[in-house]
Amino acid sequence: MRVESKPGAVSAAGHRFSVWRWHHAEARRDTLNRLRRQLGSAMLTVLVIGVVMSIPASLSIVVTAFSDLLERLDRGDSVTLLLEDDLSAKRVDALLDGITDLPEVISVTQVSKEDALRDLNEWLGLSADAFDGLGNPLPDALLVRLNMSASFDTSTLIERFKALPGVTETVVDLAWLDRLKAAAQLAQRLLLVFIIIALLASLLIIGNTVRLAVESRRQEILVAKLVGASDAYVRRPFLYTGFVYGFGGGVTAWALVTAAGMWLSSPAQQLIDSYGADRISLFLNPVEVLVLLSSSIMLGMLGALVSSTRQIASIEPK
Amino acid sequence: MIEFDRVSKRYASGRDALRELSFRIEPEELVFLTGHSGAGKSTLLKLIMIMERQTRGRVVINGRDLQTVKGEAIAAHRRDIGVVFQDHQLLYDRTVFDNVALPLVISGFDRRDIGKRVRAALDKVGLLDKEKSNPESLSGGEQQRVGIARAVASRPKILLADEPTGNLDPALSADIMKLFRAFSRAGVTVLIATHDLALISRMQNRILTLSEGTLVQGVLTSASGV
């Protein structure tokens, strides 16, 4: 690079830096001019990227809200206490009374071993006398319903139940919760799949758009290379193009998700309220917005980088 | 300084464009390169620009063996060479001024300096009043002169020209040649590929004549028999 500074004016490195900054400013100006000239097609590209990016963004809101809800439901609503064999009716009554008096407890139901066996037979679809002669292996039990709206630590309470005389074991009835959690896990996997699909789709869209942009400027790139432009110099406007597409796509996705959130918020809250749960948010929080914007910008630049590097390398003066 | 040392170039098609070519052009020298089309003129210029690589031998430009110039250094190498193309290679989406300024912008000249240099170069080729025009609106000869202005604007050490007077009338051709000569006197190595034998004959400069990739005449000081 020819350094044409006056003696003592600026150092060579300072000069290179100012040239570099100037080249960047020129590339930005050039990019914006070109996008302005093709506003329609540029907007369309931004819109497509925005729509694609809004799918994982909105899905992530649903998954987050769902997981959040599960977190709050994680206290379990009932506990079964298995009792010692041959516990006298008097001691069972005493236990029952003692537990019922606890503020965390709504109700306690006694389930005798006979009732339990009958339930099991029914559940298995066997006749009532199927286990006759084998004896009843099931213990007597107490079914304790917990007060979900009170705040307390479930595990300490269960430890307290376990320590009660006559109680051999506690079974927390969380089967439905397990099912919900499995569903949540599936939703999270699904979210990952959609994120990957959206990332790939955005990359391809931006890559293809930039490839066409490079191709349409073939002659200019050829001449620039002939008079000594480096690949980095030629590539710069395309990277800015990728930046603009990525940023625009991110903002569009944010707007779409926010609009959808506003539309869904009130019916969703009604549904949540009917289950007695707290408020949920159907909007992206500032951190999520930042992640959405930065990832779409990075995608835009990455797509532009890969596409333009390949394409520009293939344009060599012959 | 341009030096070819037993340079051969064989294309992938098997055609030998240059065979064992050796010559040396000193700074301040202006040399013509002639020969029928297909004699290897374009290949020779392309080797200097690193648009092609030789199959054998050494090409040394300003003391540097081009075999060692790779990657980004190729772009830097091209910035040290001014080239006038036969087909102008101008950009029609910008003004004459911006076309001439392109190599200066790429080389990172000072912004105020660029304006001065572009106008000085346009003045030399007589197109100062056309700086705001689009090259498309200019005649073929004028476009060629814009290309010359672009090649000399950065005052390169080496100036290559491929048929620079092809579209110009004799008077203008002579003016352009005077310009090239002035450059060579200022220390620039000038190599001009041309068919314009009438012009060469008046210039009394060394002539390299290529035929089938080899040098027919290394030195010719007058236009004997042309």
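**Exercise 1.** Identify the bridge partner of A:Val79 in strand 3 of chain A, and describe how the strands around this pair are arranged in the sheet.

*Solution.* Step 1. A:Val79 has A:Val144 as its bridge partner in strand 3 of chain A. The model is predicted: local features need pLDDT of at least 70, side-chain atom pairs count only at pLDDT 80 or more, and totals for chains, interfaces and linings use all residues. Residues are numbered from 1 along each chain as its sequence is written, and chains are lettered from A and ligands numbered from 1 in the order in which they are written.

Step 2. Strand 1 (residues 78–83) and strand 3 (residues 141–146) of chain A pair in the antiparallel sense over five bridges. Strands (E, at least two residues) and helices (H or I, at least four) are DSSP runs numbered from the N terminus; pairing requires at least two DSSP bridges between two strands.

Step 3. In chain A, four strands form an open sheet in the order 2-3-1-4, with antiparallel pairing. Strand 2 (105–111) and strand 4 (167–172) of chain A each have a single partner strand, so one side of each is left without a neighbour in the sheet.

**Exercise 2.** Determine which strands of chain A are touched by helix 3 of chain A and by helix 5 of chain A.

*Solution.* Step 1. Helix 3 (residues 89–100) of chain A packs on the sheet and touches strand 1, strand 2 and strand 3 of chain A. Contact requires C-beta atoms, placed from the backbone, within 7 Å.

Step 2. Helix 5 (residues 154–163) of chain A also packs on the sheet, touching strand 1 and strand 4 of chain A.

How values were computed
Two residues are in contact if their C-beta atoms, placed from the backbone, lie within 7 Å. Axes are lines fitted to C-alpha atoms, for helices over the stretch in contact, and angles run from 0 to 180 degrees between N-to-C directions.
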